[in-house]
Amino acid sequence: MALLITDDCINCAVCEPECPNDAIFEGTDIFEINPDLCTECIGHYDEPQCVAICPVDCIPKDPNRVESEDELKHKYNQLTGRTA
Ligand code: SF4
Ligand code: SF4
């Protein structure tokens, strides 16, 4: 699954530079994740970097973007031109 940022976000901005896929951006009210770019960090790291650093734990999985590990690896391959 892609992840999403809930409205508990305090706009601290520490997650944005941690994303290896540049999927996080400053939205109108809070930071947001582009689900087309989020691989749950698969291919880059063992765990989602945004979740690891978020001080208020407001980045759950997006129930509307259910993706298997293979699908996330395929997304990584498409985004980077490399093989996860
Ligand atoms: Fe970016 Fe990884 Fe967070 Fe997805 S899980 S938004 S790829 S840091
Ligand atoms: Fe929002 Fe968490 Fe990102 Fe800070 S780290 S901007 S609280 S989602």
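Trainee: How do the residues of the shell around ligand 2 divide into nonpolar, polar and charged?
Mentor: That shell has 13 nonpolar residues, one polar and no charged. Here Ala, Val, Leu, Ile, Met, Phe, Trp, Tyr, Cys and Pro count as nonpolar, Asp, Glu, Lys and Arg as charged, and the others, Gly among them, as polar. Before we go on: this is a predicted model, where local features need pLDDT of at least 70 and side-chain atom pairs count only at pLDDT 80 or more, while totals for chains, interfaces and linings use all residues. Residues are numbered from 1 along each chain as its sequence is written, chains are lettered from A and ligands numbered from 1 in the order in which they are written, and side-chain values use heavy atoms, with hydrogens and water left out.

Trainee: OK. Which residues are closest to ligand 2?
Mentor: C9, C12, A13, C15 and C54, out of 14 that surround ligand 2 (a heavy atom within 4 Å counts as near).

Trainee: And what's around ligand 1?
Mentor: L3, C19, P20, N21, I24, I33, C38, T39, E40, C41, P48 and C50. They divide into nine nonpolar, two polar and one charged.

Trainee: Buried or exposed?
Mentor: C38 counts as buried because its relative accessible area is 8%. The cut-offs are under 20% for buried, over 50% for exposed and partly exposed in between, using a 1.4 Å probe and protein chains only.

Trainee: What does the backbone oxygen of C38 lie 2.7 Å from?
Mentor: A polar atom of the K75 side chain. K75 belongs to helix α2 (residues 69-80) and is buried too, at 10% relative accessible area. Beyond four places in sequence, K75 also touches residues including P35, D36 and R65 (contact means heavy atoms within 4.5 Å).

Trainee: Switching topic: which way does phi go at A13, positive or negative?
Mentor: Positive, about 75 degrees, although A13 is not a glycine. N11 has a positive phi as well, near 55 degrees.

Trainee: Where are N11 and A13 found?
Mentor: Both lie in the segment before β1, which spans 24-26. N11 is partly exposed at 35%, and A13 is partly exposed at 30%.

Notes
Helix = DSSP H or I, 4+ residues; strand = E, 2+ residues; numbered from the N terminus. Polar contact = N/O pair within 3.5 Å; in protein donor to acceptor, adjacent residues only side chain to side chain.
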